[in-house]
Amino acid sequence: MSRLIVNRRRFLLGAAATGSGALLAGCDQFDFLAQRGNPVRQAMEQANVLTYQAQRLLIPDQALAREYSASEIRQGQRPNGSTDPTTPEYLFLKAQDFASYRLTVKGMVEREVSFSLDELRAMPARSQITRHDCVEGWSCIAKWTGTALGPVLDQAGVKPGARYCVYHCYDNIQRTLSGDILYYESSDLIDAYHPQTILSYGLNDQVLPVSNGAPVRLRIERALGYKQPKYLHTIELVDDLAPFGRGKGGYWEDNGYDWYGGI
Ligand SMILES: Nc1nc2c(c(=O)[nH]1)N[C@H]1C(S)=C(S)[C@@H](COP(=O)(O)O)O[C@H]1N2
Ligand SMILES: [Mo]
């Protein structure tokens, strides 16, 4: 496992060393990767397929991400990406302290279900102190509290053909001439049912703040920062990621990032 990860890191370092990958350092700085013919992007895409298949083979499905002790929390979770969404739907919810928020599970399920914040908080809670790694090159250790995603999916009843969860968010990460682009992410069902994958509503023993994704954000602890969708409102079970965004499984994936995003 470590050898493969080293190989990927070495690949990224190699790209940086040629100069063409210098912009890889910033979450919001490499639009050039969106160009399909870009050689860095093509090489990354090929490396990504290999990384996903190799990691899925070599890492046990339920292997846990490392957890830390409270004394290792050195600072607050650094807010990144969207930190104060301005879509009308979100502003409406925020104004009444998320009283009418509902998390919906839909798509390839036996029954569409939705839960209020109080209903989510009443489900069995789990806290975990983990390290968040952003591809921009910073990390934060923080305590996340929430309820496991797996049992929530079970309440909807995932249909046999479903392969992925698509996570829909409230924030418009980008405004374009043809309209707002909303943040979204996706995972396979192995990560969705992983015991540390939680719908998080608490951060460092406080209510999850707006800047870190209030009222609910997902934690997929074996994945990089961009795979931790904030401002989550709908989870859609699907068998194909192609219909969403530009078809790569997430906002940052549509701009050239690895879909699996494993650490
Ligand atoms: N909805 C949404 N989720 C998001 C983002 C975002 O901009 N919007 N940014 C991602 C990135 S790149 C990182 S590093 C983390 C930042 O989470 P934090 O603000 O709690 O540190 O959220 C991820 N999830
Ligand atoms: Mo990030």
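Visitor: Let's start with D180. Is that residue buried, partly exposed or exposed?
Guide: D180 counts as partly exposed, because its relative accessibility is 38%. Keep in mind that this is a predicted model.

Visitor: Which side chain does D180 meet in a salt bridge?
Guide: That of R175, with a distance of 3.2 Å from N to O.

Visitor: And R175, buried or exposed?
Guide: R175 is exposed, because its relative accessible area is 60% and the cut-off for exposed is over 50%.

Visitor: How many salt bridges does the structure hold?
Guide: The structure holds 15. One of them joins the side chains of R56 and D191, at 3.4 Å from N to O. That pair links distant parts of the chain: R56 sits in helix α2 (residues 39–58) and D191 in helix α6 (residues 189–192), 135 residues apart.

Visitor: Are those two buried or exposed?
Guide: R56 counts as buried, at 13% relative accessibility. D191 counts as buried too, at 6%. The reason is that buried means under 20%.

Visitor: Which residues are in a network with them?
Guide: D188 and R222; together with R56 and D191 they are linked in a network of salt bridges.

Visitor: What does E119 pair with?
Guide: E119 forms a salt bridge with R102, and the closest N and O atoms are 3.4 Å apart. E119 lies in helix α4 (residues 117–122) and R102 in strand β1 (residues 102–107), so the bridge ties together parts 17 residues apart in sequence. E119 counts as partly exposed, at 37% relative accessibility. R102 is also partly exposed, at 37%.

Visitor: New topic: ligand 1. Which residues come nearest?
Guide: There are 23 residues around ligand 1, and Q77, R78, S82, D171 and K230 come nearest.

Visitor: How much of the ligand does the protein bury?
Guide: Taken alone, ligand 1 exposes 540 Å², and the protein buries 100% of that.

Visitor: Which elements give two or more residues to the shell?
Guide: β3 (126–134) and β5 (164–176) do. β5 gives the most, with 3 residues.

Visitor: How does the shell divide by residue type?
Guide: The shell has 10 nonpolar, 9 polar and 4 charged residues.

Conventions. Residues numbered from 1 in each chain as written. Chains lettered and ligands numbered in written order. Predicted model: local features only at pLDDT ≥ 70, side-chain atom pairs only at ≥ 80, totals over all residues. Heavy atoms only, no water. Salt bridge = Lys/Arg side-chain N within 4 Å of Asp/Glu carboxyl O. Helix = DSSP H or I, 4+ residues; strand = E, 2+ residues; numbered from the N terminus. Buried < 20%, exposed > 50% of the residue type's maximum accessible area, 1.4 Å probe, protein only. Near = heavy atom within 4 Å. Areas by Shrake-Rupley, 256 points an atom, 1.4 Å probe, with all protein chains shown as cover. Nonpolar A, V, L, I, M, F, W, Y, C, P; charged D, E, K, R; others polar.
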